Amino acid sequence: MKKLIPLFLAGAMLLSVTACGGGSSSTPAPAGSKAPVESQAPAGDDYADIKIGVMLSGPPTDGGYCQQGADGVRAIQAKYNLDDSQVAIIDSITTADAARAEAENMAAEGYKVVFGQGGEFAEYFKEVAQDYPDTWFVTNGGSVTAANQFPMCMSTEEGGYVCGVIAGMMTKTNTIGIIPGGDWPSFTKPGVGFALGAKSVNDKIVVKNTVLSATNTNEAYETALNQIQSGADFIFPNANEGTSGAIKAVSESDGVYAFGVFGDYISGAPNQVIGNSMVDAPGAYVAVFDAIMAGEATGDVMFLGMGDGIVSFQWNEDLKATLPAEVVSAAEQAIEDIKAGKIDIPNEYEIGEVGAESFF
């Protein structure tokens, strides 16, 4: 078993540049549940023998989706003062056989929770979970649920919706652009939220949605320029490292605005990036672990969003001060309504049933 032991723990609650969910966007919707972030978990010696692990499809220092998983278990380790020997970060797992073997090894060694950073791990874990009922298997995305297996799902469509409300009220061309880095739920559902938010306040909205073939800065830059030249005056890029390329295109275009997605992109265009749609992936890992240790996990999908403090919208405060008061008020009201459950935004399973394009 390949392990990467963290060299530091302080400040492990890092924000990542991607969102929850991997695997197919067309999977049916399993039953869902929502667990609170603040669970009453046991403390002290109750954690002395607890072991947790996470499997990643790539390196734990990619600055993106895989690092999200590494940061997640480090956050649990930091909060509960777990020893290094109690935490395993297993990287570069790219085959079903390798994933099943590593999952079985950890379960046989008595691990309490085995995380898989990506929906693809759901099927890999399925057979192993049946043989090890005392181990919990949790995936970031996916659709497999069982007595001791479930997906956590960060509701990043909620942050997209708030951005859409702002764009829908401010656009002068009634055209907005969405640039997802792929067709997985982690890429598509924030854009769906963006489109629905814009349409909720402006029934004339036209959506340009261009899925990148690769999440690189050059392709995202050219795609954003094309959308801008076609009339889009608001750009919502969700493309990992490609996002900075799209922001660069916005910075070179007068009268065009953008939002950062899963990272702070305000400095890239301080007069044009209105704010960032953020996700606290390590916080989601901690919430899941808390729920398991408190006996609150049910084997259903655990949705974590704005109401749980996992998804948020971060204003560019300098630019916010220049916006019309009614725009700021509408965005902040949308945040409160989402937290209160007053706005129904399709989740990734509902989106997958009909396809993201149907919302554009």
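**Close-up 1. Helix H4 meets helix H5 in this predicted model.** From H4, the residues Glu 157, Gly 160, Tyr 161, Cys 163, Gly 164, Val 165, Ala 167, Gly 168 and Met 169 are in contact with Lys 189, Pro 190, Gly 193, Phe 194, Leu 196, Gly 197, Ala 198, Ser 200 and Val 201 from H5. Sorted by class, this contact of H4 with H5 is made of ten nonpolar, six polar and two charged residues. The axes of H4 and H5 (residues 185–201) lie 6 Å apart, and the two helices pack at an angle of about 35 degrees, in a crossing that is right-handed.

**Close-up 2. Helix H4 also packs with helix H10.** Two packed helices are described by the angle between their axes and the distance between the axes. For H4 (residues 157–170) and H10 (residues 325–339), the axes come within 9 Å and cross at roughly 155 degrees. Because angles over 145 degrees count as roughly antiparallel, H4 is described as roughly antiparallel to H10. The crossing of H4 with H10 is right-handed. In this contact, Glu 158, Tyr 161, Val 162, Val 165, Ile 166, Met 169 and Met 170 of H4 meet Glu 326, Val 327, Ala 330, Ala 331, Ala 334, Ile 335 and Ile 338 of H10. By class, the residues joining H4 and H10 are twelve nonpolar, no polar and two charged.

**Close-up 3. Helix H10 has buried residues that pack against other elements.** The buried residues of H10 are Val 327, Val 328, Ala 331, Ala 334, Ile 335, Asp 337 and Ile 338, and their packing partners are H4, strand E13 (311–315) and helix H9 (317–320). An α-helix has 3.6 residues a turn, so residues three or four places apart point the same way. The length of H10 can be checked as well: at 1.5 Å a residue, its 15 residues should span 21 Å, and its end C-alpha atoms are 21 Å apart, so the two values agree. Just after H10, Gly 341 adopts a positive phi of about 75 degrees.

**Close-up 4. Ala 147 sits in a loop between two strands.** The strands on either side of this loop are E5 (136–140) and E6 (149–154). Ala 147 counts as exposed because its relative accessibility is 66%, and the cut-off for exposed is over 50%. When neighbours within four places in sequence are left aside, Ala 147 is in contact with Trp 136 and Gly 299. Although Ala 147 and Gly 299 are 152 residues apart along the chain, their C-alpha atoms are separated by 5.0 Å.

How values were computed. Residues are numbered from 1 along each chain as its sequence is written. This is a predicted model: local features need pLDDT of at least 70, side-chain atom pairs count only at pLDDT 80 or more; totals for chains, interfaces and linings use all residues. Side-chain values use heavy atoms; hydrogens and water are left out. Axes are lines fitted to C-alpha atoms, for helices over the stretch in contact, and angles run from 0 to 180 degrees between N-to-C directions. Helices (H or I, at least four residues) and strands (E, at least two) are DSSP runs, numbered from the N terminus. Angles under 35 degrees count as roughly parallel, over 145 as roughly antiparallel, 65 to 115 as roughly perpendicular and the rest as oblique. A crossing is left-handed if the near helix is turned anticlockwise from the far one by less than a right angle, and right-handed if clockwise. Contact means heavy atoms within 4.5 Å. Ala, Val, Leu, Ile, Met, Phe, Trp, Tyr, Cys and Pro count as nonpolar, Asp, Glu, Lys and Arg as charged, and the others, Gly among them, as polar. The expected span of a helix is 1.5 Å times one less than its number of residues. Buried means under 20% relative accessible area, exposed over 50%, partly exposed in between (1.4 Å probe, protein chains only).
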